[in-house]
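Let us look at the open spaces of this model and at what lines them. The walk below goes from the pockets to the ligand and its contacts.

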Amino acid sequence: MSERLYGEEIRRLAEIIRTAGRTVVLTGAGISTASGIPDFRGPAGFWKSEEIVKLLSLETLYNKPEVFYSKSITLLSGMRDKKPNQAHLGVARLEEMGLVKAVITQNIDGLHLHAGSRNVYEIHGNLREAHCQVCYSRYPFEFLLEEAAFGRIPPRCRECGGVVRPDVVFFDDPMPQEFYLAYEEAENADLMLVIGSSLQVYPAAYLPGLVKKLAIVNAEPTPYDERAEVVIHGRAEVVIPKLVREIESLTRRDEANDAKGEGAGAT
Ligand code: NAD
């Protein structure tokens with residue numbers, strides 16, 4: 001794709017977002033690769049490693065707690081010290097400008113909140129908390145690390161003795177309440193901007209189907225590309241800051257024109 005066309009696509013996307021009404025953003029693992037967290041299905045994704053897929057599974061959590069609370073927890077914990085990149089910051093800026101109403105993320109890395117986004121739906125959970133599988137008592141994620149470090153595996157609930165697990169939604173886990181709230185956000189949206197998702201993981205991948213208009217920024221094609229008003233096959237950390245700059249410049253132009261108009265009326 002030529003540089004010129006890329007610029008045109010960003011201008012079109014900027015106009016669509018400025019005129020859309022209610023815009024929600026749906027993000028996937030691709031928005032965080034520039035922060036040093038591999039995605040799932042991209043060329044260097046976790047999915048390519050059978051070992052990692054097994055580590056992040058209910059089978060390991062339930063049947064091999066000694067593996068889960070050493071290797072899997074270490075793998076998950078490694079995502080917690082990462083920093084938001086320009087794409088996360090750009091999404092937060094769009095919310096600050098009043099152009100994005102909500103961010104629905106499949107990511108568990110917490111980077112949208114770190115970047116300053118406020119209305120965030122973490123539909124696959126997070127790495128801040130844990131819960132007892134029996135009585136649902138809440139614990140900080142650190143509780144799992146501390147218990148594991150002392151060899152207390154699996155970590156047990158102080159209230160009822162049940163097993164405490166991270167607030168992460170693994171394959172075959174039921175979807176949390178947050179997903180149903182995100183579903184409502186999608187139903188009420190005029191535009192969904194998808195960033196860095198293969199749109200192959202269900203039920204999250206149903207969400208773009210609920211929205212009137214769709215725009216996609218992803219490194220590779222997705223099954224929804226044909227339905228989208230704009231598709232940009234590019235890196236989120238490059239495209240999103242450019243998009244924000246374009247929107248800011250259009251907004252400044254409009255403000256200057258408004259000021260001129262008011263000035264003209266006054267004379
Ligand atoms: P996915 O891995 O299925 O798809 C990621 C997409 O992003 C791919 O199509 C890839 O080409 C694209 N991509 C990679 N780097 C990009 C970049 N810099 N800019 C733009 N696009 C880029 O991810 P998914 O759709 O989110 O589904 C994977 C599942 O795995 C989700 O459930 C997610 O919760 C989980 N996961 C989360 C994290 C995280 O929290 N950061 C990381 C890996 C996996």
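What volume does the largest pocket have? In this predicted model, the largest pocket has a volume of about 920 Å³. Its lining is made up of 43 residues, and those closest to the centre are Gly-28, Ala-29, Asp-39, Phe-40 and Asn-107. Sorted by class, the lining of the largest pocket consists of 22 nonpolar, 13 polar and 8 charged residues.

The largest pocket is also the space that the ligand takes. Around the ligand stand 27 residues, with Phe-40, Arg-41, Gln-106, Ser-198 and Glu-220 the closest, and this shell divides into 9 nonpolar, 12 polar and 6 charged residues. A nitrogen atom of the ligand, in turn, is 2.9 Å from an N or O atom in the side chain of Glu-237. Taken alone, the ligand exposes 860 Å², of which the protein buries 94%.

The second largest pocket holds about 420 Å³ of space, and its lining counts 20 residues, with His-131, Asp-167, Val-169, Pro-174 and Pro-176 nearest the centre. Both β4 (125–132) and β6 (164–168) supply at least two residues each to this lining, and β4 provides the largest share, 5 residues. By class, the lining of the second largest pocket divides into 8 nonpolar, 4 polar and 8 charged residues.

Methods
Residues are numbered from 1 along each chain as its sequence is written. This is a predicted model: local features need pLDDT of at least 70, side-chain atom pairs count only at pLDDT 80 or more; totals for chains, interfaces and linings use all residues. Side-chain values use heavy atoms; hydrogens and water are left out. On a 1 Å grid over the protein atoms alone, a cavity is a set of points where a 1.4 Å probe fits but cannot get out, and a pocket is an open set with protein on both sides within 12 Å along at least five of seven lines; lining residues have an atom within 4 Å of a point. Grid points are joined across faces, edges and corners, and a volume is the space filled by probe spheres set on the points. Ala, Val, Leu, Ile, Met, Phe, Trp, Tyr, Cys and Pro count as nonpolar, Asp, Glu, Lys and Arg as charged, and the others, Gly among them, as polar. Helices (H or I, at least four residues) and strands (E, at least two) are DSSP runs, numbered from the N terminus. A residue is near a molecule or strand if one of its heavy atoms lies within 4 Å of it. A polar contact is a pair of N or O atoms within 3.5 Å; within protein, one must be able to donate a hydrogen and the other to accept it, and residues adjacent in sequence count only if both atoms are side-chain atoms. Accessible areas come from the Shrake-Rupley method with a 1.4 Å probe; for residues, only the protein chains shown count as cover. A molecule sits in a cavity or pocket if more than half of its atoms lie within 2 Å of its grid points.
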